[in-house]
Amino acid sequence: MKAKQEAVANSQAFLEERKSDLESKKKELDNIVSDTKEDEEKLKKKAKDIEKDIDDRLLTAFKRIRKNARNGLAVVTVERDACGGCFNKIPPQRQLDIQSRKKVIVCEYCGRILVDSEL
Ligand SMILES: [Zn+2]
């Protein structure tokens with residue numbers, strides 16, 4: 001019983017410590033969020049303005065990809081012969097097609113739109 005009581009006391013002390021850590025982390029996060037809030041609003045507004053000039057079909061596809069992509073990126077570059085989103089290998093012929101910029105090419109594994117790094 002004594003050992004169990006000790007274990008409970010230790011766990012409680014640990015819990016208190018973690019709680020105060022959590023509090024300070026939450027405060028930190030709140031600060032970061034409020035710092036970036038203004039930029040976020042500006043960028044959202046800019047995105048809304050740009051969306052007007054984009055073909056509806058493409059915009060819908062773009063938003064669908066973004067929603068499903070784990071990192072939230074719908075457009076990625078080819079990096080070291082691989083998709084910048086899912087890191088699966090892109091065959092050389094496909095890379096040439098991407099570089100030619102004649103049509104929208106998507107990754108056959110994750111569906112993200114692939115562009116060359118210059119674009
Ligand atoms: Zn991919």
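1. Ground rules. This is a predicted model, in which local features need pLDDT of at least 70 and side-chain atom pairs count only at pLDDT 80 or more, while totals for chains, interfaces and linings use all residues. Residues are numbered from 1 along each chain as its sequence is written.

2. Two domains. The protein chain splits into domain 1 (1-53) and domain 2 (56-115); such bounds come from an automatic or database domain assignment. Between the C-alpha centres of the two domains there are 32 Å.

3. The helix. Helix α1 covers residues 2-51 and bends by about 40° at Lys37. Helices here are DSSP runs of H or I with at least four residues, strands are runs of E with at least two, and both are numbered from the N terminus. The bend is the angle between axes fitted to the seven residues ending at a residue and the seven starting there. Of the 50 residues in α1, zero are buried, so the helix lies largely in the open. Buried stands for 20 or more other C-beta atoms within 10 Å of a residue's own, exposed for 12 or fewer, and partly exposed for anything in between, with C-beta atoms placed from the backbone.

4. The sheet. Four strands form an open sheet in the order β2-β1-β4-β3, with mixed pairing. The edges belong to β2 (82-83) and β3 (105-106); each has a single partner strand, so one side of each lacks a neighbour in the sheet. β1 (residues 75-79) pairs with β2 in the antiparallel sense over two bridges; pairing requires at least two bridges found by DSSP.

5. The loop between β1 and β2. Please look at Arg80, which sits in this loop and has a positive phi of about 45° although it is not a glycine. Asp81 is in the loop between β1 and β2 too, and its phi is also positive, near 65°. Arg80 is exposed, with 8 other C-beta atoms within 10 Å, and Asp81 counts as exposed with 10.

6. The core. Val76, Val78, Cys83, Ile90, Ile98, Cys107 and Leu114 make up the largest nonpolar core. A core of this kind is a set of buried Ala, Val, Leu, Ile, Met, Phe, Trp, Tyr and Cys residues joined through C-beta atoms within 7 Å. Returning to Cys83, its contacts include Val76, Ile90, Cys107 and Leu114, leaving aside residues up to four places away in sequence. Contact means backbone-placed C-beta atoms within 7 Å.

Note on methods. Two residues are in contact if their C-beta atoms, placed from the backbone, lie within 7 Å.
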